[in-house]
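Ready for a few exercises on strands and salt bridges? Take a look at the structure, then try each task before you read its solution.

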Amino acid sequence: MAFEFTDSNFKETALADGVSVVDFWAEWCGPCRLIGPIVEDLAKDYDGKVTIGKLNVDNNPEVALKYNVRSIPTILILKNGELVDKHVGTTTKAALVEKIEAQLN
């Protein structure tokens with residue numbers, strides 16, 4: 001299951017060493033609901049290798065503001081605490097796998 005990022009745990013989890021994938025979403029967002037199952041699949045596929053999770057922008061506005069997230073869904077890929085890739089809007093699982101794999105090699 002995808003990790004639940006929050007304003008309070010973001011620094012210790014998403015910004016830790018390694019690769020993290022953060023899906024910025026909201027319950028009322030239709031495209032977010034479309035990409036949700038892809039994020040869940042990726043969390044299972046990369047369990048133990050990559051921290052993959054979701055951050056509800058309605059409940060956690062601080063992180064969304066810090067990363068200037070203006071549209072959702074937005075997916076950030078962080079490596080060792082640094083932003084290395086960003087995708088806004090819906091996408092395919094294959095496209096996200098490609099982005100994740102690029103950071104693992």
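**Exercise 1.** In which sense do strand β1 and β3 pair, and over how many bridges?

*Solution.* First, know what you're looking at: this is a predicted model, where local features need pLDDT of at least 70, side-chain atom pairs count only at pLDDT 80 or more, and totals for chains, interfaces and linings use all residues. Residues are numbered from 1 along each chain as its sequence is written, and side-chain values use heavy atoms, with hydrogens and water left out.

Next, find the strands, which are DSSP runs of E with at least two residues, while helices are runs of H or I with at least four, all numbered from the N terminus. Strand β1 covers residues 3-4, and β3 covers residues 51-56. Two strands pair if DSSP finds at least two bridges between them. Here, β1 and β3 pair in the parallel sense over two bridges.

**Exercise 2.** Which way do β2 and β3 run, and how many bridges join them?

*Solution.* Start with Ser20, which stands opposite Thr51 in β3. Then count along: six bridges join β2 to β3, and the two run parallel.

**Exercise 3.** Why is β3 described as largely enclosed by the rest of the structure?

*Solution.* Check each residue against the cut-offs: buried is under 20% relative accessible area, exposed is over 50%, and partly exposed is in between (1.4 Å probe, protein chains only). Five of the six residues of β3 are buried, so the strand is largely enclosed.

**Exercise 4.** How many salt bridges are there?

*Solution.* Look for a side-chain nitrogen of Lys or Arg within 4 Å of a carboxyl oxygen of Asp or Glu. The count comes to three.

- Asp23 and Lys54 meet at 3.0 Å, N to O. They link β2 (residues 19-25) with β3, 31 residues apart, and both are buried.
- Asp45 and Lys93 meet at 2.7 Å, N to O. They link α2 (residues 30-45) with α4 (residues 93-104), 48 residues apart. Asp45 counts as partly exposed because its relative accessibility is 41%, and so does Lys93, at 29%.
- Lys99 and Asp85 meet at 3.2 Å, N to O. They link α4 with β5 (residues 82-88), 14 residues apart. Lys99 is partly exposed at 21%, and Asp85 is partly exposed at 22%.
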